[in-house]
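Me: I would like a close look at a single part of a protein model, with the cut-offs stated. The sequence and structure follow.

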Amino acid sequence: MAGATLAVSLFMSGLTFWAVNSIQQEAQLNDTRFGRDLGLLLASNVAQLIGEENLTDVARISSRFYHGTSSVRYIMYADRDGKIFFSIPSTPRAVHNSLTIERYIQLPGTDIANTNFPIVRKHLSPNGKVTDVFVPLKNDGNYLGILAIGINPNPTVVNFSNLTRNVTIAVFVSIWAMVVLGAVFNALTITQPIKELLVGVKNIAAGNFKQRINLPFEGELGELIFSFNEMAERLECYEEQNIEELTAEKAKLETLVSTIVDGAILLDSNLQLLLVNPRARRMLGWEGKDVIGTNILELLSPELTWQLTAPLQEMAKEDTHTNEAQSSYKILSEISESHHGGSPWEFRITLTQPTQHIIRVLLTQVFDQHRETLKGIAMTVQDITREVELNAAKSQFISNVSHELRTPLFNIKSFIETLSEFGENLTEHERREFLETANNETDRLTRLVNDVLDLSRLESSKIYHLDRVNINQLVEQILRTYQLNAKDKQLTLTQEIEPNLAPILGHYDLLLQVMTNLVGNSLKFTEAGGQIVIRAYQLTKISTSNGPTHLSPQVRIEIADTGIGIDPEDQEAIFDRFFRVENRVHTLEGTGLGLSIVKNIIDKHHSQIHLISEVGLGTTFWFDLMMYQESCVLPNEEQYTEGSTEPVSTSLGT
């Protein structure tokens, strides 16, 4: 009987101490979490103030944090070298003198300046373990120092642990005292509650925290039973808190996945859907459908099914002992571990429904932290239609540029080689003709490079500042530039500017380049005796975009000529890069980039370039620009009061 009592008492004491230690460890973990969160919150509030050396607000905020909770033991601020410049509850004087003792903080061994996460350590005190949290202070990426916060141990847990330990010892001694004084009486009295307590401890150890012992005992045994029930209640409360935290983390991860721009899909080992974000639903046509729990192979389009069935089945073969009750949160939390395994499988697939587009599908296996068991498969779906189109356009652009550069370079090299090898056999006229041709090809090459650079600059999404531009000044500069060229070709270059025309909103240099390209084309494509006219007049539009209808005055600019005209089939492609009408109608040389540059510049002015042309009669280009005002609002929906978007005249010959 005594041996059994000794064994039972030792077992009960051991379990009680184990439970108390578990509670203490959980309390210390909560202190660590509280200290980390409080340190990060306080550091985010004072980092900018410390960077500005505003210690008054730092002291005010720190005092509010310190007095806001009794769990904070101290708050210290140190610079990069560990020198404390402010602390609570004690702080050095603001004015230093020769008797002031500088205090330094013992920094943790980790290089805290190069980390963004708090560092935690503990030290013993008479009241228990104090949690020390060190948080790096950074402002705009600059390391300012360190914030140290001390968290007192939970007094309730400490007192409860001491009480439980003392009660356990008292019960143990009381049991043996009772055994010595009255073995039979005490054995009959204590056997039953000890059995109940043993069963309760076993149930709690098995995870049943709802276990309670209801026996009408007083004294040490009653305190032990009360402490046991209180311990069970605390453990049940901790379990509920842990479940709430896990649920909150799961909701955070699901929210994060739902906001990413790529489609994200999670599958279990049986290829059943666990999670699909809205982007993936739109891309795969699953909007409004309840697809969770359905096998993905039953939902994919024929194009995707044909390419993904074999890889998905092969990746799922590694799942041998996966629990069917795996939650989507566990898979979400282990996605980051998946990149430490095999590299993801990548597929490019062209879909035709609902519209034709190209997607990239990445398949990645998700394993547990030990890389032993397959938890699921993560699918990333990206729409790369725009990327493919841009790559094709880039390749075509490079091909066109290479082709355009090859011709002048070949001509220059051919004529120079001929002059170098056979220059003595050529006449002075032939040599001069060869040099003139090489010089012309060099000019052509220079124009091509300059146009390519201009087009690249315009398409680089650079934002230009639009300001007041005087139309008369712009047109006068164009006339001065091209008047001599027009006379040499026996052409008439004139202007028709509406009197007292208000300034426009634009960029002078860019608009000058537009006028230069358009007038230059007119000079090039108009035969001798023809006419070129630059017109500018006010045009009122009615804006109905936002709110009530209001008038939006604009200026229309036209460049009209009596040139050779443009065929209707060429008018759609005339603004494309490297497209040249001259390839069909004449042999004048050009880069094919002028009108593409014009279109880009007009786009920068929130307008469009238009043309109307008839072969043999002439061509007119026109565009509209807003008048300069103190506050200009660009309308989205407009209609002309004149009832037509056509220019005043299509050409000078009509």
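Which residues does Gln 382 touch, not counting residues up to four places away in sequence? Please start there and then go on to the surroundings and the rest of the model.

Reply: Gln 382 touches Asp 262, Met 283, Ile 358, Ile 359 and Arg 360, once residues up to four places away in sequence are not counted; contact means heavy atoms within 4.5 Å. This is a predicted model, in which local features need pLDDT of at least 70 and side-chain atom pairs count only at pLDDT 80 or more, while totals for chains, interfaces and linings use all residues. Residues are numbered from 1 along each chain as its sequence is written, and side-chain values use heavy atoms, with hydrogens and water left out.

Gln 382 sits in strand β10, residues 374-383. Helices (H or I, at least four residues) and strands (E, at least two) are DSSP runs, numbered from the N terminus. With a relative accessibility of 17%, Gln 382 counts as buried. Buried means under 20% relative accessible area, exposed over 50%, and partly exposed in between, with a 1.4 Å probe and protein chains only. One of the residues touched by Gln 382 is Asp 262, and the two side chains make a polar contact at 3.2 Å. A polar contact is a pair of N or O atoms within 3.5 Å; within protein, one must be able to donate a hydrogen and the other to accept it, and residues adjacent in sequence count only if both atoms are side-chain atoms.

Another glutamine, Gln 365, belongs to strand β9 (residues 357-367). Gln 365 is buried, at 15% relative accessible area. Its side chain reaches the backbone oxygen of Met 315 at 3.0 Å.

Met 315 lies in helix α7, residues 302-316, and is buried at 3% relative accessibility. Not counting residues up to four places away in sequence, Met 315 touches Trp 345, Leu 363, Thr 364, Gln 365, Leu 374 and Ile 377.

Thr 164, in helix α3 (residues 155-181), is buried with a relative accessibility of 4%. Neighbours within four places in sequence aside, Thr 164 is in contact with Thr 16, Val 20 and Ser 227. From Thr 164 to Phe 226, 62 residues apart along the chain, the C-alpha separation is 9.9 Å.

Next, a helix pair. Two packed helices are described by the angle between their axes and the distance between the axes. Helix α13 (residues 508-525) and helix α16 (residues 594-604) pack at about 145°, with axes 9 Å apart. Axes are lines fitted to C-alpha atoms, for helices over the stretch in contact, and angles run from 0 to 180 degrees between N-to-C directions. From α13, Leu 510, Gln 513, Val 514, Asn 517, Leu 518 and Asn 521 meet Gly 594, Leu 595, Ile 597, Val 598, Ile 601 and Ile 602 of α16. By class, this contact has eight nonpolar, four polar and no charged residues; Ala, Val, Leu, Ile, Met, Phe, Trp, Tyr, Cys and Pro count as nonpolar, Asp, Glu, Lys and Arg as charged, and the others, Gly among them, as polar. The buried residues of α16 are Leu 595, Ser 596, Ile 597, Val 598, Asn 600, Ile 601 and Ile 602. After α16 comes His 606, with a positive phi near 60°.

Some backbone details remain. Most residues other than glycine have a negative phi, and most peptide bonds are trans. Glu 53 is not a glycine, yet has a positive phi of about 60°; it lies in the loop between α1 (2-51) and α2 (55-68) and is exposed at 70% relative accessibility. Gln 490, also not a glycine, has a positive phi of about 60°. Gln 490 is placed in the loop between α12 (471-488) and β12 (492-497) and is exposed, with a relative accessible area of 60%. The peptide bond from Ile 88 to Pro 89 is cis, with omega near 20°, and Pro 89 lies in the loop between β2 (84-88) and β3 (119-125).

For the protein as a whole, there are 16 helices and 18 strands. Buried residues make up 41% of the 654 residues.
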